[in-house]
Amino acid sequence: MVMVVAGALFALLVLVAAIVTDLHDRDFPQAIGAQSRLGLDFGGSRLSDQAAFAMLTQADAEWHLGLVKIAPDLAGGGHERVFVALNDTGLPATFPWFSGASAGKVVGRDRLANSPPDGSYLVTGDGARLGELETRLSGAGVRVTRTDASVIDSLRFTMREGGFGTAVLAAFALIAALALFWLSMKARSRALRVLGGCPALRIQAQDLGGFAGALLLPAGAVTLAAAAYVWVSHGRLFVGPLLKALSGLEFGVIAVSLLVALAMSASAWPSAAMLATRQPAVKSLRSAAAVLQALTFLLVVATAGPAWSAYRSSAATAAETAQWENLADQVAVQFGMSDAEMTGVEPRIGDLVEDAESVGAVAYSYTFSRDVWQGDLGDYSAVTFVNQRWLDLMTAGAPANALAPVPYDRVKALVNREFGETFALLARHQGRPGEEIFPGFAYRQPVGGFRLPVGEGGNGGSLRFLGDVLVAVVPSLHLTINDRNLTSMVSTRNLVFTGVAATEALLERHGLSASGLSVVYVAEEGLLRAQFMAYVVWLMNLALAALVVAFTVAAAISALITALLQAKRDFPLRLSGRSWPQILQRRVSRDLLAGAVLVTLVALLQRPDATGVLLVAAVFGVLVVPLSHLCTANWCFAGVSRRRI
């Protein structure tokens, strides 16, 4: 039984190792020989985008680094990434991923024509002189973050993520339950060996050795099967990373399991006195069983809320990815100039916005949220100011009535009180009060569960999905907001434009193409950020399932020990006609009371948004505990009847 359950446990660890291998492959693609990753931030340098790329390209060609920049595949819908080679280093045009998804793509330098130099770069060639590149970039004011490829580092990183850590914690809980089961089954033979004169230390070594063997055999079998499967289905290239991740996980789990078994074994030291006093040999394990049952149940109820939040987060992440795809052809204007130079181009920026607005090629969203805005927003968590182009982009796949109109009279007091002075400063005509501006806006709010993506104030490159937001639609950006604030909003990406070629033509038409301004895709960072959470969310829910199994096993073992201890009492009561609910009432009530205390404690500490999920976990415990007691008591009754106990 231990080997079967341990085999299932190590199969779970294979899934974790496969995810770690996939994440490692996504960070350092094995098929193109990625050895290191450089994170480059040119914000503190005085280099233009062209000069930055020229420096990287020259160093790459000189030292044969094989540098490729990671960028989202905007042409392919934004679901995947492409790898842009700075020089022709002979990399394949396509290569396989461990996940088996669509092939990775290596594209030419032209892909970076409208991308900033900031971001992540992979080293796929000779990394011997990579340190010299770091020194050269740092000397130019570039912030460099270097990460070398390491499966163990990838494993260590993923373990810090909630979903992965919870899965390993579930493995520990399940292995501890197995150790308790092993010792409970060995309790009588341990006492008999002591009675026969065997030294207690030898008994401990024999039992722990047998338990280790019962774990190592399925671990070895599962490891070989996983390696063979990966070799056949994915190729020999990925076997090494998988085995490193899996071996690390298995070693940690087995080591912890042996320590737990040793601790429980020490607490239940074999003694002939148990036989002499005619006590059940498992009596000394009763406390450990109760503690383990309580801990595993605590983990179940404590993980239920975060797992549900992770599920909702996955839905939000998917929605965010979809919205970033809607912005795939949207670009931002990036400023590579001093503050004084920015002040000088403000009138031309204002004219550019007016020009773009006339053809519907500029989208605007600026959000004041309750957690940042020090004011009273009433029933709303945020107020966002947008234009119609933003709504057209963000409601492309939404129902026709996703946004309901809000009468101005209903929100008049709110907008004038909170934003009247702000818009008096933003207004194109100085001194124009907000009371004159706000009546010309149209007001909306999401309905029917729709959550509108809005750009954060001062950071339009980050989307927030809000269902309780007041939407104020600005009829004309240029007529409402002055040139200085329009320029500021362009620099913070709260104003974005449609199309690379069209935006470059706008810059040229207004004499801005040679002023240190460049056009960059706004969706790049958002898409890459939204892609990481898929595995974490999936594994979080898988870990909850593993914890449910661990609690079920622990509850069954605890109930079995209790049934063995109470067999002399239960047998005559059952023969006399007592029903099982009457016989088990006291022990079931005790466990349920302890469970209620644990649920209350978790509810007070976590304050979960969805109490329904916590109640579902509690109901699961209410079902498992009585069933465990009923099944084990009935098994013991049958064993006594057949003189096997």
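Student: Which residues are buried on one side of β15, and which on the other?
Tutor: This is a predicted model: local features need pLDDT of at least 70, side-chain atom pairs count only at pLDDT 80 or more, and totals for chains, interfaces and linings use all residues. Residues are numbered from 1 along each chain as its sequence is written, and side-chain values use heavy atoms, without hydrogens and water. Five of the five residues of strand β15 (residues 469–473) are buried, where buried means under 20% relative accessible area, with a 1.4 Å probe and protein chains only, and strands are DSSP runs (E, at least two residues) numbered from the N terminus. On one side these are Val 469, Val 471 and Val 473, and on the other Leu 470 and Ala 472.

Student: Which residue of β15 is the bridge partner of Tyr 443?
Tutor: Two strands pair if DSSP finds at least two bridges between them. β15 pairs with β10 (residues 382–386) in the parallel sense over five bridges, and with β12 (residues 442–446) in the antiparallel sense over three bridges. The partner of Thr 384 is Val 471, while that of Tyr 443 is Ala 472.

Student: Which ring does Lys 69 lie over?
Tutor: A charge sits over a ring if NZ of Lys or CZ of Arg is within 6 Å of the ring centre and within 35 degrees of the ring normal. At 5.9 Å from the ring centre, Lys 69 lies over the face of Tyr 121.

Key. Buried < 20%, exposed > 50% of the residue type's maximum accessible area, 1.4 Å probe, protein only. Helix = DSSP H or I, 4+ residues; strand = E, 2+ residues; numbered from the N terminus.
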